[in-house]
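Let's walk through this protein together, one step at a time. Take a look at the picture first, and then read on.

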Amino acid sequence: MLLEKKDVQQVSNDVMNMLHDEEIEIVNSFHNAVLAKDIKKIDELFIVLEFDVEDHFSTEEEMMQESGFYAAGIHKAEHDTMRGKVKKIKEGWVINKDPIPVQEFLEGEFKHWMVLHVARWDSETALHLGDSM
């Protein structure tokens, strides 16, 4: 298991916590397929992962915009950076079908980014939003 729910800080907004919990489940399923080197399953779950990441980020961005969160631009820039990294890993996957770079990305950069991003930006955003959205 790449991430456990306890690894990712709970924030003061239920919608954001739900988004994080769903992403943890999807990332763990994807990671399991990568470890198994199951090419067909990786292909299928890459689509699910991309959709989930976009849904997660765009939902948070809409909430920030609607509430006038002062650091929405900075928070979105972090999302955009990770969007680009996921896209780049997917492009490499499509060309090479090599699970090793995907595994390295998930276990290194993605895992650490998610834990730190939630602790820094999502927790602050959630404090601004409260549980009113």
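A residue is called buried when its relative accessible area is under 20%, exposed when it is over 50%, and partly exposed in between (1.4 Å probe, protein chains only). This is a predicted model, so local features need pLDDT of at least 70 and side-chain atom pairs count only at pLDDT 80 or more, while totals for chains, interfaces and linings use all residues. Residues are numbered from 1 along each chain as its sequence is written, and side-chain values use heavy atoms, leaving out hydrogens and water.

Start with the overall picture. The protein chain has four helices and zero strands, where helices (H or I, at least four residues) and strands (E, at least two) are DSSP runs numbered from the N terminus. Of its 133 residues, 44% are buried.

Now for the charges. Side chains of opposite charge can pair when their charged atoms come close. A salt bridge here is a side-chain nitrogen of Lys or Arg within 4 Å of a carboxyl oxygen of Asp or Glu, and the count comes to 10.

Which residue forms a salt bridge with Asp80? The partner is Arg83, with the closest N and O atoms 2.6 Å apart. Both sit in helix α3, and because they are three residues apart, about one helical turn separates them. Asp80 is partly exposed at 35% relative accessibility, whereas Arg83 is buried at 18%. Salt bridges that share partners join Glu54, Glu61, Lys76, Asp80 and Arg83 into one network.

Arg83 also meets Glu61 in a salt bridge, at 3.0 Å from N to O. This pair links helix α3 (residues 72-96) with helix α2 (residues 39-67), where Glu61 lies.
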